[in-house]
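Thank you all for coming. Before I start, please take a moment to look at the model on the screen.

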Amino acid sequence: MQIDANGSARTGMRFGSGGTAGQVLYVRNGGGENVTFHATDSTALIETGTDQDTISPGGIHHFVSDGLGWYLIGPPLAAG
């Protein structure tokens, strides 16, 4: 999936669902601005720390679902 903040940094991003166990998702920030997940992991549906929640411009990140949320496989997200 490619995302683009469209001219200004975005915050509060979240996945729409926890996915299906074993599902793989690659997220690419195709824009020129940071995109930041919601600071509460359970709201964003990702399993990371709130200090590592930002996809930098050009970043591509690999996530895997356990059916309830998304686990970051790599590379690490940037500090938001």
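In what order do the three strands of the open sheet lie? This is a predicted model, in which local features need pLDDT of at least 70 and side-chain atom pairs count only at pLDDT 80 or more, while totals for chains, interfaces and linings use all residues. Residues are numbered from 1 along each chain as its sequence is written, and side-chain values use heavy atoms, with hydrogens and water left out.

The order is β2-β4-β6, with mixed pairing; strands here are DSSP runs of E of at least two residues, numbered from the N terminus, and two of them pair if DSSP finds at least two bridges between them. Because β2 (10–13) and β6 (54–55) each have a single partner strand, they stand at the edges, and one side of each is left without a neighbour in the sheet. Strand β4, residues 35–37, pairs with β6 in the antiparallel sense over two bridges, and V35 stands opposite I55 in β6.

Let me turn to the aromatic rings. Rings of Phe, Tyr and Trp (its six-membered ring) pair if their centres lie within 6.5 Å, and planes under 30 degrees apart count as stacked, over 60 as edge-to-face and the rest as tilted. The whole structure has four such pairs. One of them joins F15 and F63, edge-to-face, at 5.4 Å centre to centre with 75° between the planes. F15 lies in the loop between β2 and β3 (24–29) and F63 in strand β7, so this pair ties together parts that are 48 residues apart in sequence. Both F15 and F63 are buried, meaning under 20% relative accessible area, where exposed is over 50% and partly exposed in between (1.4 Å probe, protein chains only). Finally, ring pairs link F15, F37, F63 and W70 into a cluster.

Note on methods
Helices (H or I, at least four residues) and strands (E, at least two) are DSSP runs, numbered from the N terminus.
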